[in-house]
Amino acid sequence: MTTALIVIDMQTDFCPGGALAVAGGDDIVTPINALMRDFGAVVLTQDWHPADHASFASNHPGTAPFSLTQMPYGPQVLWPDHCVIDTPGADFHPGLNLSRADLVIRKGFRPGIDSYSAFFENDRATPTGLAGYLRDRGLSDLTFVGLAHDFCVAWSAIDAARLGFTATVIEAATRAIDLDGSRDRARADMRAAGVNLE
């Protein structure tokens, strides 16, 4: 099979009660588990940040979470501390079926740069290695689910399309942060990049 399900950041900190909770984030665990059996491969991504990560507002005195700052690679949202390496918040949601995963891609572990996409750091140049893995396995038809729709899911799907993969997002199996209209912008950007929205 040439199909792969890419499950983006289904982690405790992005679910209700977590440090960067996405409303309804835990509602999609069961649908994602059900989808896994329909794909030739399943890849999980995992936000994996050091405590001194540059995307954390706490590391920029005088700034507030969800404000914008400029990084060498462009604008960066400053987030609440989340998915810190080896903390419970970085763990996958306890209901997620990990036994089906062929690969786990950890991203955002470099202190000076964030990583929304499963394919590249936010400098748009430093690869995670996922594209090579998928190509080596002949996996060309990618479906994206998980958290959050308007950031890591969208960036991953857009990069997949730009890299020549067929990219689909199952919107019912995602949830959005919707920061200042970011959900609508993400939808428009995905459509413009050739991502299929279902």
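Which helix does His149 lie in? His149 belongs to helix H3, residues 149-162; helices here are DSSP runs (H or I) of at least four residues and strands are DSSP runs (E) of at least two, numbered from the N terminus. The model is a predicted one, so local features need pLDDT of at least 70 and side-chain atom pairs count only at pLDDT 80 or more, while totals for chains, interfaces and linings use all residues. Residues are numbered from 1 along each chain as its sequence is written, and side-chain values use heavy atoms, with hydrogens and water left out.

His149 counts as buried because its relative accessibility is 2% (buried means under 20% relative accessible area, exposed over 50%, and partly exposed in between, with a 1.4 Å probe and protein chains only). Setting aside residues up to four places away in sequence, His149 touches Ala154, Val169, Glu171, Thr174, Arg175, Ala176, Arg183, Ala186, Arg187 and Met190, where a contact means heavy atoms within 4.5 Å.

Next come the charged pairs. Side chains of opposite charge can pair when their charged atoms come close. The whole structure holds nine salt bridges, each being a side-chain nitrogen of Lys or Arg within 4 Å of a carboxyl oxygen of Asp or Glu. Asp159 is buried, at 3% relative accessibility, whereas Arg124 is partly exposed at 34%.

Arg183, one of the residues that His149 touches, meets Asp178 in a salt bridge (3.2 Å, N to O). Arg183 is partly exposed at 31%, and Asp178 is partly exposed at 32%. Another bridge joins Asp102 to Arg100, with 3.5 Å between the closest N and O atoms. Asp102 comes out as partly exposed at 36%, and Arg100 as partly exposed at 24%. Asp9, Asp47 and Lys107 are linked in a network of salt bridges.
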